[in-house]
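Student: Hi! I have a structure open and would like to talk it through with you. Can we start with the ligand?

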Amino acid sequence: MSTLGPASLPPGGHVALVGAGPGDPGLLTRRGHDLLLHADVVLYDRLVDTRLLDIPYKPACRRVYVGKELPGRASRDAQQRRINATMVREARRGKRVVRLKGGDPFIFGRGGEEAAVLAAAKIRFEVVPGVTAALGAAATTGIPFTHRGVAQEVTFATAHGAKGGTPPPWSALGKLKGTIVFYMGTYTLGLAAKKLVAAGRRASTPVAVVERATTVRQRVVTGTLATIAARAEAAAIHPPSLVIVGDAVGLRGALDWFERRPLFGRSILVTRPEEDDPGSQQLAELGAEVTRLPGLEFRPASDTKQLDRALRSLSRFDWVVFTSPRGVQYTDERVEKLGLDARAFGSARCAAIGWRTSLILGAYLKVRADLVPKDERAEGLAEALRKRGVRGKRVLLLRADEGRDVLPKLLRKAGARVSDVVAYEHAVPKPDRAVVARLAAGEFHAAQVTSGEIAATLKGWLGRRPWPERTKLVTIGPVTSAAVREIGWPVAREAKEPGKLDEATIEALEG
Ligand code: SAH
C-alpha cells in the first residue's frame with residue numbers, strides 16, 4: 001500500500017474557485033489563467049465576460065453556463081444547490097474543475113458557501129482571488145478610493161439586504177467620512193441616498209454610479225447624494241453597476257483616462273480563431289470593443305494512424321516542427337492517449353512558428369523549443385532550418401489538414417526528408433447567431449477577415465444579406481482580398497504585412 005500523502009486525497013479531482021475579475025478579461029490573474037488552461041470543466045456565470053472563454057482550452061474542456069438568471073428556472077437557492085452538486089460530482093470523477101466567478105469569489109458572491117460545501121465533501125480545493133468590481137471601477141473611472149486629505153478609509157457594502165436578512169447598517173454608514181462603495185445598489189439608489197443623509201452624511205457629497213466598469217460599455221453618471229437617484233434614472237443605468245459615495249469622486253475629472261482613449265466606443269469584429277490572434281490586445285488597449293465570431297474551428301484528425309505512428313517513434317526525427325498552438329494541443333492529447341510524455345522526443349529538436357506556439361509547447365508538452373524564428377511565416381522557419389543544415393535530416397511536420405504547402409516544399413528543396421503529418425483538421429464552427437445578426441445590422445465599425453476560407457464561411461452565414469455598408473472590411477493581405485472581392489464584398493483596408501493587420505484596422509476605424 002502506498003503511504004504517500006494523506007489517504008483522503010481523491011485521485012486528481014480538484015476544484016478551484018477562481019475570481020474572473022470585473023469584466024475586462026485582461027484582469028484575470030495569472031494563476032486563474034493557468035488553471036483554465038488545464039481545466040476539464042469550467043462552470044461560469046453571467047458576470048463573467050464570455051471572452052474569458054477564448055482561452056486556449058484543452059480541446060475536451062467542457063464549459064457550462066450556470067448563471068442564476070436563466071428564465072423559468074428554479075429559485076436561486078435551488079440553482080446554487082445544483083452548482084454545488086455539480087462541482088462535487090465532477091471532482092469526485094477525478095476532473096479538474098474551475099468555478100469561475102465574477103470579481104472576487106469572496107466578495108458578495110456566495111464563494112464562501114461554495115468553499116464550505118467543498119470542505120464538507122472533503123474535495124481538494126483552492127481559492128484564487130480576483131479583482132473585485134469596486135477596485136476595477138476605481139481604476140477605470142479615475143476615482144482613487146483613498147487620497148491624502150480627501151478620504152482616509154474605504155468601505156465596501158451592499159445596499160441590498162439579503163431577503164429576510166438584516167438591512168444595511170445605514171446609521172453607521174452615514175457617519176463615515178471616507179469612500180463607500182455599494183454593490184447591488186442600482187435599484188435602491190434613492191433609498192440609500194436618503195438613508196445616508198438622514199444618518200448625517202452631507203447632501204452635497206459627490207456620488208458616481210458606474211455601469212459595467214472596466215468594459216467598453218462602461219458608463220458613469222455623477223451627482224450628489226441629493227441628485228444622483230434622478231440622474232441615474234434619467235440615464236437608464238442598469239446592473240451590473242456600483243455606487244461610489246464620497247469626496248474622492250470629485251478627483252475623477254482629471255483622471256478619467258479610460259473613456260478618453262482614442263478608440264473607446266468603437267467596435268470590431270474578429271473572425272479568426274482565438275489562438276491565431278495575439279493582436280487584438282492593441283485594439284483593446286486603445287479602447288475598442290473586440291467581438292469574436294470565429295469563422296474557423298479545429299477538431300482532432302479523423303484518422304490518427306499516421307500521427308500515432310509518428311508519435312511512437314518521435315526520437316527517430318532530427319526536428320519536430322509545430323506550426324500553431326492548436327497543433328501542439330492536439331498533439332498533446334494524442335501523446336497523453338498513447339501513454340507517452342516528453343521523453344518520447346528523445347534527442348529530437350523542436351521548432352515552433354510563433355512565440356505563442358513555443359509558449360504552449362512548454363505549457364502542454366513540457367518541451368522547450370530549440371528554434372523559434374523571428375520571421376513567423378513558413379518561409380521564415382524553412383530558412384532558419386536551412387541555415388542550420390537540414391540536408392538529409394528527418395523533419396516531422398505536425399500540422400492542420402489545410403496547411404499551406406509552402407513549408408514541406410521549401411524543406412524538401414533544402415534536402416530534408418520531410419514527414420508531413422495531420423495532427424488536426426479544419427472545420428466550420430457553429431456560428432453565434434446573435435453576433436451574425438449584429439454584423440448584418442451594421443453594428444460593427446470594422447471587421448477583420450483573415451483567410452479566403454473564413455470569408456466563404458461568413459458569406460454562408462450572411463446568406464442573401466449583403467455586406468453591411470457601415471462596416472469596414474479589413475483583410476490580412478492580397479490573397480484574402482481577392483477571395484473577398486470574388487464573393488462580391490468591398491475591401492476597405494488591407495494589411496501591408498500579416499503582422500500589420502491591427503494597424504490597418506485602426507486606420508479603418510479612424511478614417
Ligand atoms: N463577486 C463580485 C460581486 C458579485 S455581486 C465582485 O467581487 O465583484 C454583483 C454586483 O457586483 C453587481 O450588482 C454590481 O454591483 C457589482 N458588479 C459586478 N461587476 C461589475 C461591473 N463590471 N461594473 C459595476 N458593477 C459591477
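Tutor: Happy to! This is a predicted model. In it, an oxygen atom of the ligand sits 2.6 Å from an N or O atom in the side chain of threonine 132.

Student: Okay, and which part of aspartate 104 is 2.8 Å from an oxygen atom of the ligand?

Tutor: For aspartate 104 it is a polar backbone atom. Alanine 133 also uses its backbone: one of its N or O atoms lies 2.9 Å from an oxygen atom of the ligand.

Student: How much of the ligand does the protein bury?

Tutor: The protein buries 91% of the 540 Å² that the ligand exposes when taken alone.

Student: How many residues surround the ligand?

Tutor: There are 17 of them, and the closest are Asp104, Ile107, Thr132, Met184 and Ser241. By type, the shell has 11 nonpolar, four polar and two charged residues.

Student: Which domains does the shell draw at least three residues from?

Tutor: Domain 1 (14-131) and domain 2 (135-260) each supply at least three.

Student: What other domains does the chain have?

Tutor: The domain assignment also gives domain 3, made of 267-296 + 429-510, and domain 4, covering 298-427. The C-alpha centres of domain 2 and domain 4 are 54 Å apart.

Student: Let's zoom out. How many helices and strands are in the chain?

Tutor: The chain has 18 helices and 20 strands. Its C-alpha trace spans about 85 × 70 × 45 Å along the principal axes, and 50% of its 511 residues count as buried.

Student: Now helix H1. Which of its residues are buried?

Tutor: In H1, which covers residues 30-37, they are Gly32, Leu35, Leu36 and Leu37.

Student: And what do those buried residues pack against?

Tutor: They pack against four strands and a helix: strand E1 (14-19), strand E2 (41-44), strand E4 (96-101), strand E5 (125-128) and helix H12 (355-365).

Student: New topic: glutamate 425. Is it buried or exposed?

Tutor: Glutamate 425 counts as buried because its relative accessible area is 10%, and the cut-off for buried is under 20%. You'll find glutamate 425 in strand E17, residues 417-427.

Student: What does its side chain pair up with?

Tutor: The side chain of glutamate 425 makes a polar contact of 2.5 Å with the side chain of serine 302. Leaving out residues up to four places away in sequence, glutamate 425 touches several others, including Phe298, Arg299 and Asp401.

Student: I'm curious about the backbone too. Where is there a cis peptide bond?

Tutor: Look at the bond from proline 239 to proline 240, where omega is near -5 degrees. Proline 240 belongs to the loop between helix H7 (228-234) and strand E10 (241-245).

Student: And what is phi for arginine 110?

Tutor: Phi there is near 60 degrees, a positive value in a residue other than glycine. Arginine 110 is in the loop between E4 and helix H3 (111-120), and is partly exposed, with a relative accessible area of 29%.

Student: What about arginine 212?

Tutor: Arginine 212 has a positive phi of about 50 degrees, although it is not a glycine. Its place is the loop between strand E8 (206-211) and strand E9 (219-224). Arginine 212 is partly exposed, at a relative accessible area of 38%.

Terms used: Residues are numbered from 1 along each chain as its sequence is written. This is a predicted model: local features need pLDDT of at least 70, side-chain atom pairs count only at pLDDT 80 or more; totals for chains, interfaces and linings use all residues. Side-chain values use heavy atoms; hydrogens and water are left out. Buried means under 20% relative accessible area, exposed over 50%, partly exposed in between (1.4 Å probe, protein chains only). Helices (H or I, at least four residues) and strands (E, at least two) are DSSP runs, numbered from the N terminus. Contact means heavy atoms within 4.5 Å. Domain bounds come from an automatic or database domain assignment. A residue is near a molecule or strand if one of its heavy atoms lies within 4 Å of it. A polar contact is a pair of N or O atoms within 3.5 Å; within protein, one must be able to donate a hydrogen and the other to accept it, and residues adjacent in sequence count only if both atoms are side-chain atoms. Accessible areas come from the Shrake-Rupley method with a 1.4 Å probe; for residues, only the protein chains shown count as cover. Ala, Val, Leu, Ile, Met, Phe, Trp, Tyr, Cys and Pro count as nonpolar, Asp, Glu, Lys and Arg as charged, and the others, Gly among them, as polar.
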